[in-house]
Amino acid sequence: MAGDLLRSTTPAAAAPSGDQRALPVPPLLVRWSSTRAAWIFGLDVLLVVLFTALSDNGVFASVANAQSLLLSGTQALLLGLGLALLLGAGVFDLSLGANLVLSSVAGAMVMRVVAGTPDAAGRFPNLGAGIVLGVLACLLTGTVFGLINGVLIAYFGINSLIATLGTLGVGSGLALVLTGGSDIAGLPSALQSNFGLRTIAAIPAPALVAVILAVILGLVVRFTRFGLRTQAIGSSRTAAERVGLRVPLRLLVLVTLVGGLAGLAGLVDLARFGSTAIAGHANDALGAVTAAVIGGTQLEGGRISVLGTVWGAALAVILQGGLVIIGVSSAYQLIAVGAVLILAVGLDRLSAVRRATR
């Protein structure tokens, strides 16, 4: 009974007016082509063609540049997927970048302490244990960071924007205190060679991990009660509580899970560069919300588009990478990404108005 009531609260389950059983179902390709994800995918393709034509000798379409874009897009995708899940439940997280940085700092510190001091040949005495414990430190730090956010939001009732703005400051400050404001370098090169810069069939290993996670989350959102109820909370938290959902517990689990994704993004950052990048993630929250909202996830909650988030993350990375290739300064890159975000939010609001007037 509760499950039936819950389904009735979600937009996707709204009963159509009139009997439409006799109407033919359009082919899958036709239905997909009308979605936001399809339009963003088409825009991605157009941008690739444009930047290839504008770049010297078509270098934008080279394998090396494609691999670089995939690596850059890995962190953007991981954070974008996390924010899409949160937005689906009506929660926002400004602290994802700080979580990533603090997780990478914790992982780097553990890795250096456990792996030990390298000898003259560059061999670490406890290489395997150092890498394994460093990886676990990244993931655990991100998860605990998310858990703290979840407790503040779900059980203390603090607005998610305010709560994560506070933890953004705390996390960023802790990273600076622990490192003295300097990046931690000198990590085992095996982390880069075995994961960060490793390719499988010419595809970077971190990118493959992110794609696999996107597929899993897409299936979870589409076919499981967890995904249905997450979107139900975003559609109407009051209605979700009335049908018996333990909303605070579900929010706690969700925000903690997203914290773990940020910790994984911190690990990717370490593995890619072989050091921390404390000052390099100030705009990560902007990139995450750009990916999620451009892809069709609703800002007010109630709808998650995992596939759209994938193409939205690709759009932001292609746009920034293309502007770099053709020599546009970083200031204009930020302007371009911000303008695309504003456009995406505008389209989202227009779609919401149209749905409300039907």
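Visitor: Does G312 count as buried or exposed, and at what relative accessibility?

Guide: Before the answer, a word on the source: this is a predicted model, in which local features need pLDDT of at least 70 and side-chain atom pairs count only at pLDDT 80 or more, while totals for chains, interfaces and linings use all residues. Residues are numbered from 1 along each chain as its sequence is written, and side-chain values use heavy atoms, with hydrogens and water left out. A residue is called buried under 20% relative accessible area, exposed over 50% and partly exposed in between, with a 1.4 Å probe and protein chains only. G312 has 0% relative accessibility and therefore counts as buried.

Visitor: Where is G312 found, and which residues does G312 touch?

Guide: Helices are DSSP runs of H or I with at least four residues, strands are runs of E with at least two, and both are numbered from the N terminus. G312 belongs to helix α14, residues 306-325. Contact means heavy atoms within 4.5 Å. Not counting residues up to four places away in sequence, G312 touches I40, A291 and I294. The C-alpha atoms of G312 and I40 are 6.6 Å apart, although 272 residues separate the two in sequence.

Visitor: Is L191 buried or exposed, and what is in contact with L191?

Guide: L191, in helix α8 (residues 190-196), is buried at a relative accessible area of 6%. Its contacts, leaving aside neighbours within four places in sequence, are M111, I131, G196, L270 and A271. From L191 to F273 the distance is 9.6 Å, C-alpha to C-alpha, and the sequence separation is 82 residues.

Visitor: How many helices and strands does the protein have, and what percentage of its residues count as buried?

Guide: There are 15 helices and 2 strands in the protein. Of its 358 residues, 44% count as buried. Among contacts with a separation of 6 or more, 77% are between residues 24 or more positions apart. Accessible areas come from the Shrake-Rupley method with a 1.4 Å probe, and for residues only the protein chains shown count as cover. For the protein the accessible surface comes to about 17500 Å², with 68% belonging to carbon and sulfur atoms.

Visitor: At what angle do the axes of α5 and α7 cross, and how is that angle read?

Guide: Axes are lines fitted to C-alpha atoms, for helices over the stretch in contact, and the angles between N-to-C directions run from 0 to 180 degrees. Angles under 35 degrees count as roughly parallel, over 145 as roughly antiparallel, 65 to 115 as roughly perpendicular, and the rest as oblique. The axes of α5 (residues 96-115) and α7 (residues 160-179) come within 8 Å and cross at roughly 30°. That angle makes α5 roughly parallel to α7. The contact involves A98, V101, L102, V105 and M109 on α5, with L168, G171, S172, L174, A175, L178 and T179 on α7.

Visitor: What is the hand of the crossing of α5 and α7, and how do the contact residues divide by class?

Guide: A crossing is left-handed if the near helix is turned anticlockwise from the far one by less than a right angle, and right-handed if clockwise. The crossing of α5 and α7 is left-handed. By class, Ala, Val, Leu, Ile, Met, Phe, Trp, Tyr, Cys and Pro count as nonpolar, Asp, Glu, Lys and Arg as charged, and the others, Gly among them, as polar. The contact of α5 with α7 has 9 nonpolar, 3 polar and no charged residues.

Visitor: How do α6 and α7 cross, and which residues make the contact?

Guide: The axes of α6 (residues 127-155) and α7 come within 9 Å and cross at roughly 145°, and the crossing is right-handed. F145, N149, L152 and I153 of α6 make the contact with S160, A163, T164, T167 and G171 of α7. These residues comprise 4 nonpolar, 5 polar and no charged.

Visitor: At what angle do α9 and α12 cross?

Guide: The axes of α9 (residues 205-223) and α12 (residues 247-273) cross at roughly 165° and come within 11 Å. This makes α9 roughly antiparallel to α12, and the crossing is left-handed. P206, V209, L213 and L217 in α9 meet L261, L264 and V268 in α12, a contact of 7 nonpolar, no polar and no charged residues.
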